[in-house]
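I opened this notebook to keep track of what I looked up in the structure, entry by entry.

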Amino acid sequence: MTTAQRQQIIFDMDDTLIHCNKYFDLILDQFADLLTDWFKANGIANEEIRDKQTEIDVAGVHQIGFTSSHFPQSLVDTYRYFSRITGRKALTEEEDRLMKLGLSVYEQPIEPYPGMVETLNLLRSQGHELHLYTGGEPVIQQRKIDQMKLTEYFQDRIYIRRHKNAEALEEILRSRLFDRTRTWMIGNSLRTDVMPALSAGINAIYIKIPNEWLYNIVELQHDGDSDMHTVSSLEEVPRIIFDHIHQMTRQKRTL
């Protein structure tokens, strides 16, 4: 593979390489069941509880980024909201229980998405340069990286940021010798992966997953020169990159 063909591929981690949202959904199911029981005299519906928690959760991420305390606090804040509007007294022991429940999401087993190892092995064997870019607290994200042995693929090309946005990606791109015409961002979030990538003038592959977190869903406008593809699985990524390289090679030959 020539230098012109070698691609610099930046992977998101949560819900791109490893499962994440499904563990939050499991905790939220337990949370909604608890509040439905605690507020049963007031007829608060499960869906109403989930909607309010999502509203509080998304608003908080906009303000403070991906911090481990935010999710459990959003459960407590949702509980306090319904306590306030119903007149039911908020109890310390119930708040403590919700905080513990929320924190338990970070103790869930780490599970790779289908094809994670095969995809990374294939791209590495083809000579591409792999990078990992994830949002969250360093201790929590590093634990996932270590358990999945991802350093084997990404070595020192790992970036953990509390805020995952256009500014953070731009800082990463400027920190190394990235050729933006050969750089890709691979991720499941339109907000934190795809939009910043297109804004930075690099290519993007959007892995669309079911039951996506509301925070990640935004209206996408793409009017630049960068390539943008939508797929439904991680295993489709190597083929897109392979086809892109050959298309670029053919175009150069016809010039």
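Which residue with a positive phi follows H9? I found that Gly 201 comes after H9 and has a positive phi, near 80 degrees. I note at once that I am working with a predicted model.

**Entry: the chain overall**

I counted 10 helices and six strands in the chain. Along the principal axes, the C-alpha atoms fill a box of roughly 75 × 35 × 30 Å. Of the 255 residues, 49% are buried, and among contacts with a separation of 6 or more, 72% are between residues 24 or more positions apart.

**Entry: helix H9**

I went back to H9 (190-199) and asked how many of its 10 residues are buried. Seven of them are, so I recorded H9 as largely enclosed by the rest of the structure. The buried residues are Leu 190, Thr 192, Asp 193, Val 194, Pro 196, Ala 197 and Leu 198, and what covers them includes H8, E4, E5 and strand E6 (228-231). At the start of this helix, I saw that a side-chain oxygen of Ser 189 comes to within 3.2 Å of the backbone nitrogen of Arg 191.

I looked next at E5, residues 203-207, where five of the five residues are buried, so the strand is largely enclosed by the rest of the structure. In a regular strand, side chains alternate between the two faces of the sheet. I checked the directions here: Asn 203, Ile 205 and Ile 207 point one way, while Ala 204 and Tyr 206 point the other way, and all are buried. E4 and E5 run parallel and are joined by four bridges, with Ile 186 standing opposite Ile 205 of E5.

**Entry: helix H8**

For H8 (residues 166-175), I listed Ala 168, Leu 169, Glu 170, Ile 172 and Leu 173 as buried. Their cover includes strand E1 (8-11), strand E2 (129-135), strand E3 (158-161), strand E4 (183-187) and helix H9. The N-terminal end of H8 is capped by Asn 165, with a side-chain oxygen 3.2 Å from the backbone nitrogen of Glu 167.

**Entry: Glu 129**

One of the strands covering H8 is E2, and Glu 129 lies in this strand. Is Glu 129 buried or exposed? Its relative accessibility is 17%, and the cut-off for buried is under 20%, so I counted Glu 129 as buried. I then looked for what its side chain meets and found a polar contact of 3.2 Å with the side chain of Gln 8. Setting aside neighbours within four places in sequence, Glu 129 is in contact with Arg 6, Gln 7, Gln 8, Ile 9 and Arg 157.

**Entry: the cavity**

Helix H1 (21-38) and helix H6 (138-147) each supply at least two lining residues, and H6 has the largest share, with three residues.

Note on methods
Residues numbered from 1 in each chain as written. Predicted model: local features only at pLDDT ≥ 70, side-chain atom pairs only at ≥ 80, totals over all residues. Heavy atoms only, no water. Buried < 20%, exposed > 50% of the residue type's maximum accessible area, 1.4 Å probe, protein only. Contact = heavy atoms within 4.5 Å. Polar contact = N/O pair within 3.5 Å; in protein donor to acceptor, adjacent residues only side chain to side chain. Pairing = 2+ DSSP bridges.
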